[in-house]
Amino acid sequence: MGHLDHATFGWLTPALSYVMACIGAALGLRCTVRALGASGRSRRNWLLTAASAIGTGIWTMHFVAMLGFSVSGTDIRYDVPLTMLSLLVAMVVVGAGVFAVGYGRDRGRALVLGGLTTGLGVASMHYLGMAALRLHGDVSYDPVLVGISVLIAVVAATAALWAALNIKSPIAVAVASLVMGGAVSSMHYTGMIAVGVRVSPSGDVLPGATAMQFIFPLAVGLGSYLFLTSAFVALSPTAGEREASASAQRPVESALR
């Protein structure tokens, strides 16, 4: 059995991955709040942004954390197409959950459906990303811990969507994002504790790309996307601000006439 190290670089990767999860959650929640106050094409666009933000944040969190993952006695490579598929799955399935909440008429049912869908999407992304691992040996999982990690993902997603439906103030959203970031990180590391690796030493070259060749550049790119989108959302006027601006302009227009 190979020795697994989940923090090769100390607290750097766990802390950075938590920050990315929080940023993705905060951006997704703010966009969902904006979507619920909008209609038509604007609502759809906000929900698409929310789905991409949450999906990107979760994926980036997972693979930033994986930069610190190592197994004694073997190198680690990643299957590039499967890793990219995990990102696509995260965005699509999380998007389905967000849209269920954004367009659901019965909020209670929409919350349950959206939380379940989004949570399963988070778990699917995690284990699909783990399936992309290539190493000299066999990977096994503790089914109980896998089940707990999936449960954490569903509860975290449901709580986040509940926050989007019920919490409007930026400070409350920030607190909810910190909680969700912690829940997503907990889900990740619970899933990683479930992993066992039986190493089979070999001199064969592993297929795929190393984390630094592929994961790191992509994580940096997606992280930049999150920061830029956060700036855009922060500078975008809310529905209330637009209404206040329109109300302020009406007396001026009337006076000019």
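**Conventions.** Residues are classed as nonpolar (Ala, Val, Leu, Ile, Met, Phe, Trp, Tyr, Cys and Pro), charged (Asp, Glu, Lys and Arg) or polar (the others, Gly among them). The model is predicted, so that local features need pLDDT of at least 70 and side-chain atom pairs count only at pLDDT 80 or more, whereas totals for chains, interfaces and linings use all residues. Numbering starts from 1 along each chain as its sequence is written, and side-chain values use heavy atoms, with hydrogens and water left out.

**Figure 1. Overall arrangement of the predicted model.** Eight helices and six strands make up the secondary structure of the protein (DSSP runs numbered from the N terminus: helices H or I, at least four residues; strands E, at least two). Along the sequence these elements follow the pattern β-α-α-β-β-α-α-β-β-α-α-β-α-α. Of the 257 residues, 48% are buried (under 20% relative accessible area, with a 1.4 Å probe and protein chains only). Among contacts (heavy atoms within 4.5 Å) with a separation of 6 or more, 88% join residues 24 or more positions apart.

**Figure 2. The largest nonpolar core and the surroundings of Phe69.** The core (buried Ala, Val, Leu, Ile, Met, Phe, Trp, Tyr and Cys residues joined through side-chain atoms within 4.5 Å) contains 65 residues, of which Met66, Phe69, Val71 and Tyr78 touch the most other members. Helix α2 (residues 40-66) gives the most to this core, supplying 11 residues. Neighbours within four places in sequence aside, Phe69 is in contact with Leu4, Asp5, His6, Thr8, Ile76, Leu133 and Met192.

Figure 3. Tyr189 belongs to α6, which spans residues 170-193. Beyond neighbours within four places in sequence, the contacts of Tyr189 are His6, Thr13, Pro14, Ser17, Met61 and Ala65.

**Figure 4. The largest cavity.** The whole structure holds four cavities of 30 Å³ or more (sets of points on a 1 Å grid over the protein atoms alone where a 1.4 Å probe fits but cannot get out; lining residues have an atom within 4 Å of a point). The volume of the largest cavity is about 40 Å³ (the space filled by probe spheres set on points joined across faces, edges and corners). Its lining consists of Gly28, Leu29, Thr32, Ile54, Thr118, Ala157, Ala160, Leu161, Ala164 and Met180. Two or more lining residues come from each of α1 (12-36) and α5 (143-166), and α5 gives the most, with four. By class, the lining of this cavity has seven nonpolar, three polar and no charged residues.

**Figure 5. The largest pocket.** This pocket (an open set with protein on both sides within 12 Å along at least five of seven lines) has a volume of about 230 Å³. Fifteen residues line it, with Leu16, Val64, Leu67, Phe216 and Val220 nearest its centre. Helices α1, α2 and α7 (211-235) each supply at least two lining residues, and α7 has the largest share, seven residues. The lining of the largest pocket comprises 11 nonpolar, four polar and no charged residues.

**Figure 6. The second largest pocket.** About 180 Å³ of space lies in this pocket. It is lined by 14 residues, of which Met66, Leu67, Phe69, Ile76 and Ala211 are closest to its centre. Strands β2 (70-71) and β3 (76-78) and helix α7 give two or more residues each to this lining. Its classes are nine nonpolar, four polar and one charged.

Terms used
Buried means under 20% relative accessible area, exposed over 50%, partly exposed in between (1.4 Å probe, protein chains only).
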